[in-house]
Amino acid sequence: MALTPVALPRVLCLGISDMAEKNFTQAMQPQKSRIIVHGALLRRLSPVVTIMAMLLVWHGITEWQLVSRILIPPPAEVLDSLVKALADGTLAKHTGTTLGEMIFGLLFGVSIGLAIGYAIAKAPLLEYILSPIIVAFQSTPIVAYAPLLIIIFGTGPSSKIVTTAVIVFFPSLVNTIVGIRGVSPRLRDLMRSLNAGRWQIFRKLELPSALPVILAGLKTSATLAVIGAVVGEFVGSGSGLGVLVITARSQYDTPLVYVTVLTMTAIALSLYGLVALVEWRLLHWQRRTA
Amino acid sequence: MFKLVRIVSLISFLGAWVASAQAPLVQERVLLTFIPNVQFAPFYVGIEDGFFAEAGFDVTLEHLQEPEVLDLVAVGQANFGIVSGEQVILARSRGRDVIYIFEWFQQYPVALVYSDALDLSDLRQLRGLKVGIPGRFGASYSGLTTLLSSAGLSETDIEVNEIGFNAAEVFCLGAVDAAMVYANNEPLQIRSRAQAGDCGPISDVEVITVASQVDLVSNGLIVSRDLLNTAPDNARRMARALQAALRLSINNPAQAYLASLAYVDTLPRDAALITELQAAAARQTEFLALEPGREAVAESRAELLRQLSAQFDPGVLTQFQVLLNTIELWDADQLGRSDLASWEAMRDTLALLGFLGDELGDLSDAFSNDYVMVRNA
């Protein structure tokens with residue numbers, strides 16, 4: 001038995017009468033609620049604490065010169081670079097480009113993933129027909145064929161959108177297949193016995209049942225979208241965070257490289273958070289049931 | 001007793017001599033850019049023909065991106081690296097104290113390639129054309145800026161397209177009118193495509209090298225200031241070993257190609273070609289014993305290509321031809337030396353692009369010719 005802060009005093013009081021134990025439990029209630037409140041607060045603060053600790057370690061590394069400043073610049077220099085990049089519009093311009101490519105790529109890739117995933121879930125023969133192509137695409141590192149996408153789709157944003165779409169497609173596809181196949185056959189039979197049509201079965205049963213799994217796939221896709229867009233930009237582009245990293249690196253502006261990488265992280269986290277929020281809103285019925 | 005002392009002394013002397021003769025080689029990483037390629041032949045020759053070992057080094061080669069090469073040398077994680085002079089200026093302007101001690105490429109390797117249907121006899125005719133570059137960074141961008149500047153133009157006078165390192169494909173698809181490329185490699189590929197009818201309407205190409213307009217400092221060997229302070233002799237021995245290997249590569253390209261086979265998997269290794277190159281290398285060694293001048297050696301290279309072209313398909317010889325083209329960019333009476341004017345021209349280009357940081361200081365501190373052998377190896 002794990003000894004929680006509440007369980008520990010109870011163990012120590014073994015052997016006291018039931019009444020005494022009841023009184024003890026009642027006396028402990030305010031303390032228990034305080035512990036719960038503190039626990040919730042700690043949970044909320046823990047990411048902040050982690051980030052603060054990381055910043056302190058980072059500062060310590062540069063302050064005591066454990067690693068050359070050429071490789072790891074001090075946090076203050078990175079902050080200065082961030083302020084400068086925000087002020088002169090560099091960061092906004094490149095972030096806007098990457099965000100645009102990501103969003104279009106995400107919409108494009110996820111839509112295709114959902115459609116093909118649903119079709120495969122309903123018609124297993126399709127899985128045999130399409131899986132060689134899908135697995136081949138997925139198992140080949142995108143950096144290997146991204147230059148080909150640039151040649152085929154041109155040097156404009158369309159090649160980056162396709163790169164993003166390719167990388168976000170697979171998690172959507174797999175989770176849609178798993179989600180739709182996971183729908184209870186008995187519930188499906190029940191719907192059919194009630195003369196529900198295909199659309200009704202989809203809307204009232206399949207979609208709500210598969211949604212948690214589909215949304216989990218969307219979370220993965222959202223974080224992968226940054227990788228897709230940036231890989232496309234690395235291969236050939238005039239704007240975007242991938243270009244900014246290359247430019248900053250080629251000019252030995254290490255703080256700006258850090259700013260760009262942190263911006264990519266922030267975008268990925270924000271997109272993940274956005275999908276989590278959508279999930280929280282859409283799956284409120286699940287929490288009610290629970 | 002006296003005899004015994006003499007024997008002991010003799011044994012001690014022989015022991016010391018054997019120990020010094022077997023002094024272990026110093027392990028050194030030399031950081032290169034790009035990927036293993038016949039263009040790095042002098043380094044393969046340096047290892048295979050024992051120039052580095054003779055200088056006391058057991059060299060291993062690693063390939064990284066230029067900024068990584070420079071930073072690893074700057075922080076002392078590697079002692080030697082190859083980068084372009086442009087990178088040295090940029091890095092020094094942001095606090096990296098690296099010194100360029102050997103100019104490997106005597107000519108800046110970047111060029112503008114365009115269809116022979118275009119008339120660009122005057123560079124001002126570039127106005128309004130679409131020009132492809134890998135991106136707004138690196139040697140190609142500096143080269144384009146220099147070309148434009150030499151014609152009194154700026155980037156706003158043309159349409160710049162960032163096409164990545166796909167110049168041959170994008171150019172042949174007709175997406176750009178001209179492209180910045182490496183003079184020793186891509187024009188050869190584009191020309192062979194064009195002549196095979198595989199480059200859209202383009203039947204042949206013309207090339208304008210940046211070096212024909214302005215002398216910019218190019219690729220060379222760098223070390224850190226710390227190394228020069230603590231072990232200047234190591235820097236000197238490495239520079240001179242590279243100088244000797246480079247001279248042999250220039251003088252005997254067949255031998256350089258054969259040395260490259262162990263490092264570059266993609267080189268054609270047709271048995272007939274290798275046999276022919278081995279014979280050519282042996283003949284060239286005999287020829288070099290006569291101490292011919294640079295022009296005579298250049299003629300011998302051209303003659304070798306003519307002989308090989310009569311026997312082998314162009315596809316088999318492409319990489320050998322890349323090597324010969326690259327040798328033209330390396331060759332000079334005095335190898336390894338760079339001059340202040342070429343550094344200043346590069347600095348001016350980078351200043352024009354607004355890429356320089358605040359810490360550049362005196363440009364003459366960025367390079368040194370003290371580590372090069374004055375007479376050619």
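**Entry 1: a buried charge**

I looked up Glu28(B) and found it buried (under 20% relative accessible area, with over 50% called exposed and partly exposed in between; 1.4 Å probe, protein chains only), yet without a salt bridge. By salt bridge I mean a side-chain nitrogen of Lys or Arg within 4 Å of a carboxyl oxygen of Asp or Glu. The nearest side chain of opposite charge is Arg29(B), 7.2 Å away; Lys and Arg count as positive, Asp and Glu as negative, and His and the chain ends are not counted.

This is a predicted model: local features need pLDDT of at least 70, side-chain atom pairs count only at pLDDT 80 or more, and totals for chains, interfaces and linings use all residues. Residues are numbered from 1 along each chain as its sequence is written, chains are lettered from A and ligands numbered from 1 in the order in which they are written, and side-chain values use heavy atoms, with hydrogens and water left out.

Glu28(B) sits in strand β1 of chain B, residues 26-32. Helices (H or I, at least four residues) and strands (E, at least two) are DSSP runs, numbered from the N terminus. What does Glu28(B) contact, leaving aside its neighbours within four places in sequence? I noted Phe57(B), Asp58(B), Val59(B), Thr60(B), Asn79(B), Phe80(B) and Met238(B), with contact meaning heavy atoms within 4.5 Å.

**Entry 2: the disulfide**

I searched the whole structure for disulfides (cysteine sulfur pairs within 2.5 Å) and got 1 over all chains. Cys172(B) is joined to Cys199(B), S to S 2.0 Å. The torsion about their S-S bond is about -90°, so this disulfide is left-handed. Cys172(B) belongs to helix α7 (residues 167-172) and Cys199(B) to the loop between α8 (186-195) and β9 (205-209), so the pair ties together parts 27 residues apart in sequence. Cys172(B) is buried at 8% relative accessible area, and Cys199(B) is buried at 0%.

Next I turned to chain A, which has 12 helices and 0 strands. Of its 290 residues, 37% count as buried.

How many residues does each chain bring to the contact between A and B? I found 19 from chain A and 24 from chain B. The two chains bury about 1,900 Å² between them, 60% of it on carbon and sulfur atoms; buried area is the accessible area (1.4 Å probe) that two parts lose on being put together, summed over both. Ile70(A), Gln251(A) and Tyr252(A) supply 38% of what chain A buries against chain B, more than any other three residues.

I counted 3 salt bridges between the chains. Asp253(A) and Arg94(B) meet in a salt bridge at 4.0 Å, N to O.
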